[in-house]
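Hello,

Here is the structure I promised to pass on. Could you open it next to this email and follow along?

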Amino acid sequence: MTVQGLFSSKSAAAAQISAMPRFAIVGRGFSGMMTAIALMKTVRLPFHLQLFDPNSSVSGGQALSSTRTSTILNTRVRDLSVCAGDSDDFNDWLCSNAEFRAAVPAAIPGFRQIFVPKEIFSDYVYQRFSEALSARKDITVQVCHEPVVAIRRSHGNRFLLESANPANPLFDTVILATGYGLPEIEEPQQEPSPVRAQRLIARPHTVLLGSGIRVVDQLLQLRDAGYAGQVTILSRRGFLPQSHTPHSADPVFPADALPSNLPDILHFIRSACRQAEEEGRSWQSVMNGLRKHARSLWRALPAHQKHQFNRHLRAIYDSHRNRLPEAIYARLQSELASGNTVLRRGVVGRQGLSGLFFRPAGSQSDEIVNAERILDCRCRGPQLGAPLLASLVSEGLALPDELSLGLAVNQRGQPCLEDGSTADGLFAVGPLGLGSLPDIDLVPEIVSQAFAVGEHVAQRFYPQSKAV
């Protein structure tokens, strides 16, 4: 499917495409759509944009995906603007929506501090995408559903994207926006079979795998659908998301010189949290302030301390930065207090005919956890051995980061190479760079990075172009 400029004839547009720079975005989740918006806003002269994604429907990506339409995002409205330099854009959009204003009257005149359902944020993102496209009568946008299996450098310093369509053109710029990597998590599967489960289990029992926001969302979906059976959450580290404060926690952070090794950083942050609470603020305000320093702290750590953090502390860090709205957190705590939902820490093994093999923390032997349903809610990292990412490494276009969490990238998302250079014309936007850029899976950071990509591309192809 190709969308032409509003006043361009198809024949005229087709003739112009060959002379335009060609940009490709692989992925149409939030990172991909945000990058498309940024390109349309910053590259002010004609170009052709091709969006690749095997899914015919557009979702918010793995981090935002859900089958329940009432899912609440865990980020306040004030931090969800897709307009660089205007943090009130999403709030203004909500204020202009009469139906939403009528449904949430208590928040009038503004909605900056509230949490909204995922589908409302999606509507906002795609309206801003449509508006950006409508304003650009000089570009074309094409959507392709063939999966991209490899990216290779071709003659003339351009890129060839290999897919089921052998006629794909060459591209001047390629942006990887595949979220947490390929392949995507499969839909939750039920095992063992319902008939087998009924013979083995006296009471309905569902097992949820994971410990992040997705597992909490799945738990509440089950309860909202009327499921009254036992739920067991199996988590390797056992840290569930913490709570947001009732009102926005403005970021604070000590002005002292920051330490440069992991034990001192931990002591520094804990002391800052204690001090904030003694002064009537909250530890959440310190964690919000930490985001401004997270990347510089991360870059200063030696490789072995980064590995230590990833093994022992990342789960704790994630549970404190990816927080739940207070009402959702209260529901979670009520579930755990009732005993109808149980959290168990340990290592999940393979699934057998009668259940799931599980080794509890501190135990040397496995046990079998029987359940009628086993739902995998873990948010997996990129699989660097998947064909697309493996092709980049084999072609010398990218390297894994130090922890193999994704690709090694700079602030702009350009893959870093062994000689310290970057692959010109290639970008990895969003969570693919999480091992290099802490918090790059959060909306404000993705927005900032997407516009940085757009500005760089604009200067590369149209040095005299100015962003709007």
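Let me begin in a loop: Ser-404 sits between α13 and β15 (426-428), where helices (H or I, at least four residues) and strands (E, at least two) are DSSP runs numbered from the N terminus. Residues are numbered from 1 along each chain as its sequence is written, and side-chain values use heavy atoms, with hydrogens and water left out. Please keep in mind that this is a predicted model: local features need pLDDT of at least 70, side-chain atom pairs count only at pLDDT 80 or more, and totals for chains, interfaces and linings use all residues.

**Loop residues**

Ser-404 has a phi near 55°, a positive value in a residue other than glycine. Why mention that? Most residues other than glycine have a negative phi. Ser-404 counts as partly exposed, at 44% relative accessibility; buried means under 20% relative accessible area, exposed over 50%, and partly exposed in between (1.4 Å probe, protein chains only).

Asp-439, in the loop between β15 and α14, also has a positive phi, near 70°. Is Asp-439 buried or partly exposed? With a relative accessibility of 2%, Asp-439 counts as buried.

Arg-380 belongs to the loop between β14 and α13 (387-394). Its relative accessible area is 38%, so Arg-380 is partly exposed. Its C-alpha atom is separated by 9.8 Å from that of Leu-405, 25 residues apart along the chain.

**The protein overall**

There are 14 helices and 15 strands in the protein. Of its 468 residues, 49% count as buried. Among contacts (heavy atoms within 4.5 Å) with a separation of 6 or more, residues 24 or more positions apart account for 73%.

**A six-stranded sheet**

The open sheet has six strands in the order β13-β12-β11-β10-β9-β14, with mixed pairing; two strands pair if DSSP finds at least two bridges between them. At the edges stand β13 (367-369) and β14 (373-376), each with a single partner strand, so one side of each has no neighbour in the sheet. On average, neighbouring strands are turned by 45° against each other, direction ignored.

Going through some of the pairs:

- β10 and β11 run parallel and are joined by five bridges; Val-231 stands opposite Thr-341 in β11.
- β11 and β12 run antiparallel, with four bridges, and Gln-351 is opposite Leu-356 in β12. Their hairpin has four residues between the strands, and Gly-355 in it takes a positive phi near 155°.
- β12 (residues 356-360) and β13 are antiparallel too, joined by three bridges; Leu-356 has Val-369 in β13 as its bridge partner.

Helix α7 packs on this sheet, touching β9 (205-209), β10 (230-235), β11 (341-351) and β14, and its direction makes about 160° with that of β9. Axes here are lines fitted to C-alpha atoms, for helices over the stretch in contact, and angles run from 0 to 180 degrees between N-to-C directions.

**α7 against α12**

Helix α7 (residues 213-224) also packs with helix α12 (residues 326-338), at an angle of about 75° and with their axes 11 Å apart. The two helices are therefore roughly perpendicular, a term that covers 65 to 115 degrees. Val-216, Leu-219, Leu-220, Arg-223 and Asp-224 of α7 meet Ile-328, Arg-331, Leu-332 and Glu-335 of α12. The residues of this contact divide into five nonpolar, no polar and four charged (Ala, Val, Leu, Ile, Met, Phe, Trp, Tyr, Cys and Pro count as nonpolar, Asp, Glu, Lys and Arg as charged, and the others, Gly among them, as polar).

Asn-340 lies in the loop between α12 and β11 and counts as buried, at 18% relative accessibility. Leaving aside neighbours within four places in sequence, its contacts include Arg-223 and Glu-335.

In α2 (residues 30-42), 12 of the 13 residues are buried, so the helix is largely enclosed by the rest of the structure. The cover over these buried residues includes β2 (22-26), β3 (48-52), α5 (118-134), β8 (173-176) and α14 (443-461).

Lastly, four bridges join β5 (residues 150-153) to β6 (residues 159-162), and the two run antiparallel. They form a hairpin with five residues between them, and Gly-156 in the turn has a positive phi of about 70°.

Best wishes

Definitions and conventions: Angles under 35 degrees count as roughly parallel, over 145 as roughly antiparallel, 65 to 115 as roughly perpendicular and the rest as oblique.
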